[in-house]
Amino acid sequence: MGASRDLSFAEMVQEQSGEPVQRCYFCQKCTAGCPVAYAMDVKPAQLLRLIQLGEKEAVLGSSAIWLCVNCQTCGARCPNQIYLAGMYDALRQMALGEGYAPEPSVYALHRSFLDSIKMWGRVHELTMLMEYKMRLLPKPAIFFDGLVSDLMMGGGLIAKGKISFVPERVKRLKEVRRLYETNSPGTEVEP
Ligand code: SF4
Ligand code: SF4
């Protein structure tokens, strides 16, 4: 870190996310309340500090930016009204735009979710999860992780009628698909 500092980075993040990242004074309330901070390689408050320091590579290359679940707890706790969820969205877009590899399982789930909506106009869990697993085939360690318990749980949900076996298309599917043309979810990347 340090050698490749980009001093305009904080300004760029602020511009693209609409969040006043320069106001952060590292009180760490966001980190303390974040339900997924334990799994992040860079905790929310640390990420803010790296952004302020212009450590673009460390920020866009971190796996933490893919783990935020958009719960908004941090924004509610922040004394400076910084809503980190919007900032994470912007960072993910920037990372993809600059060719940083996304977190494979998170990326696979996002794409499968979007593809399902595009195909049926709503999520069809079974085909979405099948696509999700197929996307992880090139990553055997992730693919096989929890595979048996996932199959058992999926079978149980189908048997109880909680997941429909046959997908249903919504009536105004064309309108849903038009959203994809006007708000492109981004090009496919190789995680
Ligand atoms: S709660 Fe707000 S001010 Fe405190 S560290 Fe997090 S972002 Fe910065
Ligand atoms: S919005 Fe994201 S960063 Fe903020 S508390 Fe929730 S998961 Fe953590």
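Which element gives the most residues to the shell around ligand 2? Helix 6 does, with three residues. Let's walk through the rest.

## Ground rules

This is a predicted model, where local features need pLDDT of at least 70 and side-chain atom pairs count only at pLDDT 80 or more, while totals for chains, interfaces and linings use all residues. Residues are numbered from 1 along each chain as its sequence is written, and chains are lettered from A and ligands numbered from 1 in the order in which they are written.

## The overall picture

The protein has eleven helices and zero strands. Here helices (H or I, at least four residues) and strands (E, at least two) are DSSP runs, numbered from the N terminus. The C-alpha trace spans about 50 × 35 × 30 Å along its principal axes.

Of the 191 residues in the protein, 23% are buried; a buried residue has 20 or more other C-beta atoms within 10 Å of its own, with C-beta atoms placed from the backbone. Two residues are in contact if their C-beta atoms, placed from the backbone, lie within 7 Å. Take the contacts between residues at least 6 apart in sequence: 65% of them join residues at least 24 apart.

## Around ligand 1

A residue is near a molecule if its C-beta atom, placed from the backbone, lies within 6 Å of it. Ligand 1 has 14 residues around it, and Cys24, Cys27, Cys30, Ala45 and Cys78 come nearest. Helix 2 (29-33) and helix 3 (44-52) each bring at least two residues to this shell.

By class, the shell around ligand 1 holds ten nonpolar, two polar and two charged residues. Ala, Val, Leu, Ile, Met, Phe, Trp, Tyr, Cys and Pro count as nonpolar, Asp, Glu, Lys and Arg as charged, and the others, Gly among them, as polar.

## Around ligand 2

Ligand 2 has 15 residues around it, with Cys34, Cys68, Cys71, Cys74 and Ala85 nearest. Two or more residues of the shell come from each of helix 5 (73-77) and helix 6 (84-97). This shell has eleven nonpolar and four polar residues, but no charged ones.

## The nonpolar core

A nonpolar core is a set of buried Ala, Val, Leu, Ile, Met, Phe, Trp, Tyr and Cys residues joined through C-beta atoms within 7 Å. The largest one has 26 residues, and Val13, Val21, Ile51, Leu84 and Leu91 have the most contacts inside it. Helix 1 (9-17), helix 3 and helix 6 each give two or more residues to this core, and helix 6 has the largest share, five residues.

What does Val13 touch, leaving aside its neighbours within four places in sequence? Val13 is in contact with Val21, Ile51, Met87, Ala90 and Leu91.

Key: Buried ≥ 20, exposed ≤ 12 C-beta atoms within 10 Å, placed from the backbone.
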